Amino acid sequence: MRILPEQEKQRLITVALNGSGDYRSIQEAVDHAPGGTAEQRTVIHIREGVYNEKLHIEKPFLHLVGESAEGTIIAYDDYARKTFPDGSPYHTFNSYTVLFGADDLTVENLTIRNDAGRGELVGQALAAYVDGDRICFRNCRFIGHQDTLFTGPLPDKPLKRGSFGGPRDGLHKVAGRQWYDSCYIEGDVDFIFGSATAVFTDCEIFSRNRLTAENLPHVERHPEINGWITAASTPESSRYGYVFIRCRLTGDAPESSVYLGRPWRNHAKVTWIDCWMGAHIRAEGWDNWDKPESEATVTYVEYGCRGPGADRQHRVSWSGTLTDEQADQYSLGCIFEGEVPWSPCPGS
């Protein structure tokens, strides 16, 4: 565990499953944590173990620190096709394991996992629902199948139903800034999705294989396509959407079976800079999700990428590359510029 700044040690809470800390559950620690400030956050140190909890974190200025990403695990198994006692389905946005619904949160050395299983059987199943401004994750692991990581806020309105459902539906929407540094994110279909301005630096993005003999009967369309990494819904007014810098795209999906992304909304913005892309990435790179009109409005660009999946020779004509001058505008300072200054991850 990283040494914490002296001012943060004054507000240290410890969680341990065996009772050796202040609390046995993370939710209890969050609920009892004193309010923090930008100068003095409340640190919740979580000892190793598997915490089977569905967490709601809606208190700002918290700093959650696990003992190790591999050994400190938060796991739950809700899913979109699960039903409430009245018979209504959970849908996507009630299926999360952890809801991060506040500004100014920092999270380190944790695994957040949804154990519900394959999307073809259970529907969407979020590991993390992240909806706030100035939220930083460092050395964290997000593990699921379909829709692993949602970077809120929700889009303006649903495409099909009358409402999205879930705990944040109907709230004021702020396209927050999020930073994922040295993280591991695993899934298969649209497993990084949402409207935030989010930067992923030095992360591993792992595409799971869902095209197994056992699962193929449940793959309704295009059985040769294993999945899509991103499904951005970037607001038209946002200059940046998803930016991946020095990331590694790995997986056990078949060769040429995974798209870099498709647009959940028509102004999706996704940029890959200096990333390594494995052979599982499809040569055309991007999919329009049966929305040909989006080809004129999305911003799908790459710069300096390498690896067997990075060859741009057969990329779709409506994607592009950055010039050196344009790439210079993708520093953290430029991307995270806003009315409220933000220096992500205290001590970074």
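**View 1. Charges over tryptophan rings.** In this predicted model, the charged end of Arg-262 sits over the ring of Trp-228, 3.6 Å from its centre. The criterion: NZ of Lys or CZ of Arg within 6 Å of the ring centre and within 35 degrees of the ring normal. Lys-291 lies over the face of Trp-289, 4.8 Å from the ring centre.

**View 2. Aromatic pairs.** Rings of Phe, Tyr and Trp (its six-membered ring) pair if their centres lie within 6.5 Å; planes under 30 degrees apart count as stacked, over 60 as edge-to-face, the rest as tilted. The count comes to 27 aromatic pairs. Phe-164 and Trp-264 form an edge-to-face pair, with 6.5 Å between centres and 75 degrees between planes. They are 100 residues apart.

**View 3. A ring cluster.** Ring pairs link Phe-100, Phe-137, Phe-142, Tyr-180, Phe-200, Tyr-242, Phe-244 and Trp-272.

View 4. Seven strands (DSSP E runs of at least two residues) follow the order S4-S7-S10-S13-S16-S19-S22, with parallel pairing (at least two DSSP bridges between two strands). S4 (55-57) and S22 stand at the edges with a single partner strand each, so one side of each has no neighbour in the sheet.

**View 5. Strands S16 and S19.** Four bridges join S16 (residues 189-194) to S19 (residues 227-232), which run parallel. Ile-192 has Thr-230 in S19 as its bridge partner.

**Notes.** Residues are numbered from 1 along each chain as its sequence is written. Local features need pLDDT of at least 70, side-chain atom pairs count only at pLDDT 80 or more, totals for chains, interfaces and linings use all residues, and side-chain values use heavy atoms, without hydrogens and water.
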